[in-house]
Amino acid sequence: MTDVTEVSEAGHHLLSLVPKAEGKQSMKDFKSDQEVRWCPGCGDYAVLAAVQGFMPELGLAKENIVFVSGIGCSSRFPYYMNTYGMHSIHGRAPAIATGLATSRRDLSVWVVTGDGDALSIGGNHLIHALRRNVNLKILLFNNRIYGLTKGQYSPTSELGKITKSTPMGSLDAPFNPVSLAIGAEAGFVARTIDSDRKHLTDVLRQAADHQGTALVEIYQNCNIFNDGAFEALKDNEQAQDAVIRLEHGQPVRFGTDHTKGVIRNPTTGDLEAVTLTPENTPHLLIHDAHTTSPTTAFALSRLADPDTLHHTPIGVLRSVQRPVYDTLMADQLDTAIDRNGKGDLTTLLTGNDTWTVVG
């Protein structure tokens with residue numbers, strides 16, 4: 001029997017129609033019979049294990065969960081999940097997933113994509129899914145390189161990156177996926193790391209709970225073509241000063257013994273990562289992921305140095321409720337049916353301004 005949960009956000013009536021699982025599930029239930037074929041040591045293995053281990057928490061019928069991917073190493077993901085899925089075309093996963101989520105509201109729809117797939121050929125599809133606030137969960141694997149096509153620079157590769165396609169160094173300024181998502185008015189934006197299982201799972205849990213589009217950027221190591229790209233965030237000693245862990249409602253502190261923090265400069269209003277002193281501690285930022293304005297979340301996303309990755313925030317940068325596209329569309333269809341007195345989709349689409357050409 002379908003379990004229907006009613007939620008009211010921002011004056012809109014939202015129905016979650018995804019059926020619940022009949023019995024208790026385990027990680028094994030979400031492992032497919034397909035051989036996992038990534039390079040040994042790839043960070044994708046860790047992400048796959050985290051997702052498979054997390055899925056039982058949702059308590060949803062696996063037949064009503066769908067993973068849609070584009071093209072790239074990460075896009076093999078649907079083969080390895082014992083759910084429905086589609087390995088689609090380059091960059092178009094958000095568009096295909098949008099059609100699925102809006103037409104089948106009884107499904108939990110997840111998108112798996114990479115930094116090349118999502119931010120190069122798929123850039124427009126990604127930003128429009130975000131601005132529309134379709135009920136999708138988008139996992140963006142970012143290894144700052146093209147892995148499947150053997151090591152060309154990607155839209156997130158740092159300036160000066162030497163690769164097979166940029167032997168003298170990349171001239172392109174890199175995208176910051178989190179900044180891009182916040183700029184597109186995404187309601188939920190987070191960042192995590194493949195090797196931090198606990199943090200990754202917690203972020204996935206919060207993304208799954210969010211109504212509307214949730215984008216999770218996952219720093220993922222490609223040990224063949226870009227090994228060590230995130231070493232500053234993974235090495236215990238370096239990470240103390242490089243990683244800023246965000247928790248809603250908590251002061252933004254980091255560094256050994258939390259001696260550093262993020263403050264709002266009282267003169268310029270900008271956010272700055274500083275060593276804390278009695279003078280600047282009163283200006284320490286308290287993280288508010290739920291504030292309506294995206295200004296502070298965007299400022300936090302800009303702290304990370306694109307070359308060294310120092311002062312990189314991880315966690316949920318923004319989590320706010322906005323009207324969900326799927327629900328708004330369903331409401332319009334219901335209204336149109338009420339006006340016509342019947343569910344005549346052809347009449348709705350053609351209206352009165354149509355002509356029949358007889359040849």
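Modeller: Let us begin with Gly-269, which lies in the loop between β11 and β12. Helices (H or I, at least four residues) and strands (E, at least two) are DSSP runs, numbered from the N terminus. This is a predicted model, in which local features need pLDDT of at least 70 and side-chain atom pairs count only at pLDDT 80 or more, while totals for chains, interfaces and linings use all residues. Residues are numbered from 1 along each chain as its sequence is written, and side-chain values use heavy atoms, with hydrogens and water left out.

Colleague: Is Gly-269 buried, partly exposed or exposed?

Modeller: Buried means under 20% relative accessible area, exposed over 50%, and partly exposed in between (1.4 Å probe, protein chains only). Gly-269 has a relative accessible area of 32%, so it is partly exposed. Its C-alpha atom is separated by 12 Å from that of Leu-300, 31 residues apart along the chain.

Colleague: In what order do the strands β10, β11 and β12 form their sheet?

Modeller: Two strands pair if DSSP finds at least two bridges between them. Here the open sheet has the order β10-β11-β12, with antiparallel pairing. Its edge strands, β10 (253-254) and β12 (271-275), each pair on one side only. Between β10 and β11 (residues 260-264) there are 2 bridges, and Phe-254 has Lys-260 in β11 as its bridge partner.

Colleague: Which strands make up the open sheet of 8 strands?

Modeller: Its order is β4-β3-β5-β6-β8-β7-β13-β9, and the pairing is mixed.

Colleague: How is the packing of two helices described?

Modeller: Two packed helices are described by the angle between their axes and the distance between the axes. Axes are lines fitted to C-alpha atoms, for helices over the stretch in contact, and angles run from 0 to 180 degrees between N-to-C directions. For α3 (residues 93-103) and α5 (residues 123-132), the angle is about 35° and the axes are 7 Å apart. Contact means heavy atoms within 4.5 Å; Pro-94, Ala-95 and Thr-98 in α3 meet His-125, Leu-126 and Ala-129 in α5.

Colleague: Which residues have the most contacts inside the largest nonpolar core?

Modeller: In soluble globular proteins, nonpolar side chains tend to be buried together. A nonpolar core is a set of buried Ala, Val, Leu, Ile, Met, Phe, Trp, Tyr and Cys residues joined through side-chain atoms within 4.5 Å. The largest has 35 residues, and those with the most contacts inside it are Leu-126, Leu-130, Leu-136, Val-262 and Leu-300. A second, separate core of 32 residues includes Val-47, Tyr-80, Ala-207 and Val-316.

Colleague: Is Thr-192 buried or exposed, and what does its side chain reach?

Modeller: Thr-192, in strand β7 (residues 188-193), has a relative accessible area of 0% and is therefore buried. Its side chain reaches the backbone nitrogen of Leu-200 at 3.4 Å. A polar contact is a pair of N or O atoms within 3.5 Å; within protein, one must be able to donate a hydrogen and the other to accept it, and residues adjacent in sequence count only if both atoms are side-chain atoms.
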